[in-house]
Amino acid sequence: MTLDTKHITFTGRMVIVGFGSIGQGVLPLILRHIGITKDQITIVTAEERGHAEADELGVKFINLPLTKENYVQVLEPMLGKGDFLVNLSVDVSSVALFEFCHKVGALYIDTCVEPWAGGYTDPSLSPSLRSNYALRETALSHRAAYEGGPTAVLTHGANPGLVSHFVKQALLNVAADIGESTEVPKDRAGWGALAAKLGVKVIHIAERDTQVSNEPKKVGEFVNTWSIDGFVGEGCQPTELGWGSHEKHFPVDGRRHEFGCDAAIYLMRPGASTRVRTWTPLEGPFHGFLITHSEAISIADYYTQRDGNHVTYRPTVHYAYHPCDDAVKSVHELAGKNWYMQPSQRLMMHEIVSGTDELGVLLMGHKKGIYWFGSRLGIDEARALVPYNNATSLQVTVAVLAGIIWALENPNRGIVEPDEIDFQRILEIAKPYLGELVGAYGDWTPLQDRERLFPEDIDHDDPWQFKNFRVV
């Protein structure tokens, strides 16, 4: 594949809902790699941001927030059988939109399962019902009824999304390197069996963003390299993680859900207040936020092995995220204001002067210790590859593009998650935009350099216990 490859021609209408950093970044990729004209695309969004970029590309821009009351009336004239809705919004229910798409026969993709405005922090809901686990269960409850209907690809950005495909490639790489069979599994059971055979106990989505701006964060300002509303929303949700079968120490503040697949737990605290130890090749050891993401649940669920109703294998899975330094300062300030958003926000884009987003999956517990596989993308390369992107957004937008193409190539698959679609096809489309794809082994464990200054409550017998990763 080259940077001008047209993967498929699309003759229907496409509606992009939401036009923040990801919408603006994916539009030039859609026009570049799909046979589609600008007249076929309409943007529907809740603010003026991005209007100039849409005008520059010649795409119709409508500033009209979608609500529970108006979304059907707004979208009905724009979408019908064979059309495509690309949902990149916040505060608009993903379930409502894909239900609408199923009814009219349109295809659908999003980057997370989003509730209506206020759903992440609604005090009338229990923490369990404010979780990504609950949002995922609600979305998947439609699967049987929608089977064979128009494809709806759920949660296909960088993470969740691309990282699920990284996990599969990483498993194959580790298997080859330790001399195990490397035949590509054909189904969910085969992938789970491979992960269990390799002895993978823990999977981190381990990300370190080192992008730096020439404009420092101000007091009362939230600064980030991607959607601020999205980051704050998920940061205020409960901490969530897939809970592995090897775990011996259930967290004191941990809770199980009383419904659904039971592959994950949550903590009685916001994700943006929970930190964990992790590792990437460039950064080495660091502390990241355990922000809730649906991949922590879907990956843990997908790789679960059972003997009847008994779980015989499941990895612990979660996000471990160190955002850019200005975003870390922003989260610290946000927490100090009891999770009320700062009065001003700034998306870092043109003012970024240097840095890299190192995003990958860290597989731990196998014979070779730890293995990180992922994308190492610098800001200069991201800007050279495609306009309206930084290193963080491009890893997301190319995954959205790949998901759209896969859906067009597989238009009648009903509701699907990233773990269920062709990882090789997605990586083939995305690879030219991911910078350096890196696989690296290490000897780090969360016990490294512990108890230097004070005694700690750690499990020396099994380094891969969650209590050893958690920063307390």
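This section describes aromatic pairs, a helix packing, backbone features and the surroundings of selected residues in a predicted model. Residues are numbered from 1 along each chain as its sequence is written, and side-chain values use heavy atoms, with hydrogens and water left out. Because the model is predicted, local features need pLDDT of at least 70 and side-chain atom pairs count only at pLDDT 80 or more, whereas totals for chains, interfaces and linings use all residues.

A pair of aromatic rings is described by the distance of the centres and the angle of the planes. Rings of Phe, Tyr and Trp (its six-membered ring) pair if their centres lie within 6.5 Å; planes under 30 degrees apart count as stacked, over 60 as edge-to-face and the rest as tilted. Searching the whole structure on this basis gives 18 aromatic pairs. Tyr319 and Tyr321 form a stacked pair, because their ring centres are 5.0 Å apart and their planes stand at 10°. Both Tyr319 and Tyr321 are buried, where buried means under 20% relative accessible area, exposed over 50% and partly exposed in between (1.4 Å probe, protein chains only). Tyr319 and Tyr321 also belong to a cluster linked by ring pairs, together with Phe222, Trp226 and Phe231.

Helices (H or I, at least four residues) and strands (E, at least two) are DSSP runs, numbered from the N terminus. Trp226 counts as buried, at 17% relative accessibility. When residues up to four places away in sequence are not counted, Trp226 touches Ser21, Phe231, Glu234, Tyr321, Leu347 and Thr392; contact means heavy atoms within 4.5 Å. By C-alpha positions, Trp226 is separated by 33 Å from Glu258, which is 32 residues away along the chain.

A ring and a charged residue meet elsewhere: Lys368 lies over the face of Tyr441, 4.7 Å from the ring centre. A charge sits over a ring if NZ of Lys or CZ of Arg is within 6 Å of the ring centre and within 35 degrees of the ring normal.

Helix H7 (residues 162-177) packs with helix H14 (residues 423-430) at an angle of about 110°, and their axes are 9 Å apart. Axes are lines fitted to C-alpha atoms, for helices over the stretch in contact, and angles run from 0 to 180 degrees between N-to-C directions. H7 and H14 are therefore roughly perpendicular, given that angles under 35 degrees count as roughly parallel, over 145 as roughly antiparallel, 65 to 115 as roughly perpendicular and the rest as oblique. On the H7 side, the contacts involve Leu162, His165, Phe166, Lys168, Gln169 and Leu172, which meet Phe423, Ile426, Leu427 and Ala430 of H14. Gln424 is also found in H14 and counts as partly exposed, at 45% relative accessibility.

Several backbone features occur in loops. A cis peptide bond, with omega of about 0°, joins Asn159 and Pro160, and Pro160 is placed in the loop between E8 and H7. Asp91, a residue other than glycine, has a positive phi near 65°. Asp91 is in the loop between strand E6 (84-87) and helix H4 (94-104) and is partly exposed, at 37% relative accessibility. A positive phi of about 65° is also found in Asp262, again not a glycine. Asp262 is in the loop between strand E13 (254-256) and strand E14 (264-270), and its relative accessibility of 32% counts as partly exposed.

Pro150, in the loop between helix H6 (143-146) and strand E8 (152-153), is buried, with a relative accessible area of 18%. Apart from neighbours within four places in sequence, Pro150 is in contact with Cys101, His102, Gly105, Ala106, Leu107, Pro411 and Gly414. Pro150 and Ala106 are 44 residues apart in sequence, with a C-alpha to C-alpha distance of 6.2 Å.

Two asparagine residues are likewise described. Asn70, in the loop between strand E5 (60-63) and helix H3 (71-75), is buried, with a relative accessible area of 15%. Asn132 is found in helix H5 (residues 132-140) and is buried, with a relative accessible area of 9%. Residues up to four places away in sequence aside, Asn132 touches Val113, Gln237, Glu240, Thr292, His293, Ser294 and Ile297.
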